[in-house]
Each structure stands twice: as structure tokens, then as C-alpha cells.
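Subject: Structure handover

Hello,

Here is the structure for your set-up work.

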Amino acid sequence: MQLHPRRRHAVARCRSLIATAAFALTLAALLCFSRVPPGGMLAAPARALQLVPARRLHVRLGAVKGYTATSTPAAGGRATKAQPDAVVLLPDWEALVLLRPDAADATGNVTCRFRGGASSPARAVGRLPAPARSGRRAYACVVPEPARRHKTLPAPQLVIASSSTSKRNMGAAGGGGRSTEMLRWSGRLVYESAVVDGGDVLVFAKGVNPRQGVNRAASDIQCVYYRGGGPNGDHVVATLPAATSAQQVFRCPPPPTPVQQESQEEIRVTLAVTGQEPLPSLAVYNPPRSGSSGTSTAQEKKLICACTMVRDVAKFLREWVVYHAAVGVDRFYLYDNGSEDDLADQVHHLNEAGYDVSTVAWPWTKAQEAGFSHGASVHRDSCDWMAFIDVDEFIFSPQWNQSENPDKSMLRSVVSSVEPDIGQVSLGCADFGPSGQTLNPKEGVTQGYTCRRRTHERHKSLLRLDAVDDSLVNSIHHFALRPGFRGEWNRHVRVNHYKYQAWEEFKVKFRRRVSTYVVDWTDPVNLKSKDRTPGLGFEVVEPVGWTHKFCEVNDTLLRDATRRWFGVGFRNGPARRRTGTSSS
């Protein structure tokens, strides 16, 4: 059968097109395979954990750099350029705005202005931890409802109104700056760093070890030092293996000294898990100055200090400080987790009265273990022992009730009498109940709550700081110790924990738990956990009979002692000779 001439011509033309397409596909395949490494298409390049020369960082680190912002001039003034900063979206739609350390102090009202014109008041959080007051200034503001509707959440402007009614814009979204989306606290993020122990760098990061007791091997983690924000983008200057990995704390070796000195541009640090891109980071590496370990400002070393995390507890602070200073605590460190009360004023008054109280801005949500790790490491040169207790916890021995006056030897004898290999002294907690109170007792917690549970459910510890394990792993109640040290219990001293207070005070706990691995009260999980209050549901509803719950033993020992020592309501605090202060 012969085809019509026109049909033969069409078939020949189709065959020609098919041959041309096949040739093109073959050529494309050859070009593609010529770019494949010898190991094949599925072979991944090895990630050597080693020092690397300065080079362009090809992974995405744009979120790490922050952004460059500008300041609009005041009337009659001239424009100035603000330093890079960053904004983190915390839970409950709170934006944490971080400014450079050299940013000018705000002398007027401060406002966050968001895309679309919505705004909200900003409050000062303080300086983030860093030596020699080099930490970033932080402000917090609530993201208004209209600003939450955007598909992306650009960082807000920080508008500072001076007393002359002029305004300065210090932020990202507008004002001539490059808009950047807010970093999400809910994701993976490096949020702090600290130089300790003669040079080691602690890097604080969330999202690497998200499960309690399950820590990624340090050999899987690289510490990446880089310089960013320059005209050529981000440049890695050193990549080194992490030494430890536990919870949200990672210990890294410092970059080589020549790298630190070759440029005035700041060095930043982040983490990279093998096979993954580096984490977004807020952390700046601050090299120690000559003769300094890079930790807290040089102070006279004290025998016993106390470290706690606080939020809106100013009204309880004086009682806690006055009492513990009288029985042997020399210095107090308050890690402020976003207080909105008059904490700063209370700290100022205590320091003016001669007490040694410092505040450390720690705005990070559910990061108490990391905060305590920070406290145990950076204050090692300032304290021999550290008591990690809450503001509603008071160290007490029934034997002290026999004394007419308090004495510093009471608590000092607890640590000075232990063997040299004791690195931690644990004290049982006696949990007190509402004791019939419906409101916060005016005379204070030690004198207002006098009924407790019979058994000790938990414990707290006095920690020898030079005995802490390099990993800094802790459960809030105690720390892991270095080889060669051990812990012991002291059965003669306890912690009076005023845990179950009047309902109006206790219900504040429903806002959020501060521990990383303890669920919030409103989460219906871990129903049988000892961290949950017996008989308490998941909503802010007062249980029936709350005022008389947890009352098995009538215990007035500490009430009687504090009345004798300080008067009713701590009105007669003991006179103290001013020994210097350290507040930030």
C-alpha cells in the first residue's frame, strides 16, 4: 500500500522532528551528568568539622544578620544611621525588638509601628546579657490584631518620641530600611551566647534538642562563626565542632585569635546540624578582653549567691532578699523573664539599702533551664556556691528558730562543713498551702502561710559552681556534676516552698510555665505528673475548698522566727552596712 505523496511528506517531516528532539534530550543529559561529582548523583559532599578559611557563606543566613535601619531626623537635625537589629515574634503575639548596644537611650514614649499603620506601645526590657554593658537593648510590644492578618509578618519600626515631640524611627519596616520578616520563636533559633571558662563559647539555641533527656550528639553539630552585613554578604571565618550538646546549651571552642583581630566588624555565631543549614541566629560573639574570662564584670568573690528567674514578683522580692541576706546569701541574681511591674524600682531600693542585687534580662519564653545554665557559668568567678531557688522559696532549718537573731553562719555552715568532693547539697521542699488565705497576706508569705503538706515532694540545691559539668545540664532542681564530684542531702535544712498561695496569686501561674520541658497548666497532658497541682483542672477556675487544701501539718516555725527577727510584716529589717552593689 502506497501513501499519498502529501501524506508521505508529513510522515517524513514528523520523523525529522522526533530525531531533532531526541538529539536535544541527549545533549541536555550529557551536560547535566558532566556536573555530577564522581560519587554519583546521590552522593552528598562531606561536611568536615574543621577550621575553614574565610569564604562566602552560600547557605541562607539572611535572617541572622538582622537588617539595616535608618533614623529620621528631629526638627532641625540631620539623619543618622542606626545599627543593625532584629525582631523576634514570641508567644502571645509579642514582638521583641533588639537594638544595637550603641543605640541611643529612649527618653520619651516608645511605639512599635507595623505595616499598614497599626501600632502598639513598647516597653523597655533592658540589655541582654553581655560583658561590659555591650548587650543589645530590647523592647517588647504586642502585635496589633490588624497586623496579624498579613501572610508574612514584617518587623515593625520602633518610633521614639523625645521630650521635644520630635520622633526618631529605629527599626526595619520602612524609614528607608530593608524590610525583614520577624524571626519566629516557635521555630529553630540561636538566641544567646556567652564567653566562659577562659574562652569557651556557650551558644543557646532552641529546636536542636526539643525532647527532654534526648540530646543530639555534639559530634553532629558545628559551631559556625561568621561576619555579616558587609557588601559581599555573610562570610564564614571558622567552623568548629561543638564540645557539648545538652538541652538548649552548646559549648563551642572560640575562633582563632587571628580571626578575632583581623577586622573590626562583629563576629556572629550560629549552629549547623550535620546535613542541615545553619540555624537563624541572634547571637554575637564577644571576645574576652585581655585578662578577662569574658564573664560578668569583675567583683569580689562571695561564698554564697542566689539565682532565680522572676516575672512580676516585685511585691515579694524584699521579703525574700532581706531574709536570705540575713542567714548567709551575699549576692542575688534575678533573671527577669519579662516583668511588667515595678521590679526595677524594688531592685534600686534594695541596692540603696546595701543589698547586692543584679538583674539579667532573659525575655526568652520557657527557657528556665537555659537561664540557670547561663547563671551557673557566667557567675562562676563571682560566687563559690549558688542557691537556685524561686522567690516563693525560703531556705530554713527548724534549729534556727531557737536563735534570737539571724546570722550569716546559718547558711554558710551548710556549705563550709561539706567534704571537698561535694559539689551539690540538696534540700527537701516543704510545700505550704493557702492556709485559709483568700488574698496575698499583708504580713508576707513566711508569716501568712502556716499550713503545709506532710511529705517533701521536690528538692532544691546549693551548687558549687566549679563542680558543674561542662554540659551545664540541669533539671532546675539540680545540676549534673563533673567527674570527681558528688552530691549529698542535708536533712537538717529544708526549703519552705510557699507553692499553693491564695487563689488570686496562684492563678497567675496559668499564664505560662517557665520550664522548657514542663507543660503549661492549660495543656491536657501528663495528667499524673508531680508538676501538676492535685485537684486542679486545665482552666483558670478555683477548685472547691482551695483555701484549705494541702493543709496536713500546722507549721509556724518560720513565721515565729521572722516575726522575732524582722518584726510583723518584715517592718524591722536588720541594719546593713553598705558593701557595694551590682545592678544592671
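Two strands pair if DSSP finds at least two bridges between them. Strand E16 and strand E17 (residues 249-252) are joined by three bridges, so they count as a pair. They run antiparallel. One of the contacts is between serine 245 and its bridge partner in E17, phenylalanine 250. Bear in mind throughout that this is a predicted model.

**The sheet**

E16 and E17 belong to an open sheet of four strands, in the order E12-E13-E17-E16. The pairing is antiparallel. Strands E12 (189-196) and E16 (244-246) are the edges, each pairing on one side only. From one strand to the next, the twist averages 20°. Helix H6 (residues 368-378) lies across E12, E13 (200-206) and E17. H6 runs at about 15° to E12.

An aromatic pair also joins E12 and E13. Tyrosine 191 lies in E12 and phenylalanine 204 in E13, so the pair ties together parts 13 residues apart in sequence. The ring centres are 6.4 Å apart, with 45° between the planes, and the pair is tilted. Both residues are buried.

**Helix H10**

Which residues of helix H10 (residues 557-566) are buried? They are Leu558, Ala561, Thr562, Trp565 and Phe566. Viewed down the axis of H10, they fall within an arc of 95°, so they line one face of the helix. Their cover includes helices H4 (314-327), H7 (409-416) and H8 (445-448), plus strands E24 (393-396) and E28 (486-497). Just after H10, glycine 567 has a positive phi of about 85°.

Trp565 and Phe566 are also members of one aromatic cluster.

**Salt bridges**

The whole structure holds 21 salt bridges.

- Glutamate 94 pairs with arginine 123, with the closest N and O atoms 3.0 Å apart. Glutamate 94 is in strand E5 (residues 94-99) and arginine 123 in strand E7 (residues 119-127), so the pair ties together parts 29 residues apart in sequence. Glutamate 94 is buried, at 15% relative accessible area. Glu94 and Arg123 are also linked with Arg311 and Glu340 in a network of salt bridges.
- Aspartate 330 pairs with arginine 412, with the closest N and O atoms 2.8 Å apart. The two are 82 residues apart: aspartate 330 is in the loop between H4 and strand E21 (331-336), arginine 412 in helix H7. Aspartate 330 is buried, at 14% relative accessibility. Arginine 412 is partly exposed, at 29%.
- Aspartate 390 meets lysine 460 at 3.6 Å, N to O. Aspartate 390 sits in the loop between strand E23 (383-388) and E24, lysine 460 in strand E27 (residues 459-464), 70 residues apart. Lysine 460 is buried, with a relative accessible area of 3%.

**Aromatic pairs**

There are 27 aromatic pairs in the structure. How are the rings of tyrosine 500 and phenylalanine 550 arranged, stacked or edge-to-face? Their centres are 3.9 Å apart and their planes at 20°. Planes under 30 degrees apart count as stacked, so this pair is stacked. Tyrosine 500 is in the loop between E28 and helix H9 (503-506), and phenylalanine 550 in the loop between H9 and strand E29 (553-554), so the pair ties together parts 50 residues apart in sequence. Both residues are buried.

Best wishes

Note on methods
Residues numbered from 1 in each chain as written. Predicted model: local features only at pLDDT ≥ 70, side-chain atom pairs only at ≥ 80, totals over all residues. Heavy atoms only, no water. Axes fitted to C-alpha atoms, helices over the stretch in contact; angles between N-to-C directions. Contact = heavy atoms within 4.5 Å. Buried < 20%, exposed > 50% of the residue type's maximum accessible area, 1.4 Å probe, protein only. Arc of directions from axis to C-beta. Salt bridge = Lys/Arg side-chain N within 4 Å of Asp/Glu carboxyl O. Phe/Tyr/Trp six-rings, centres within 6.5 Å; stacked < 30°, edge-to-face > 60°.
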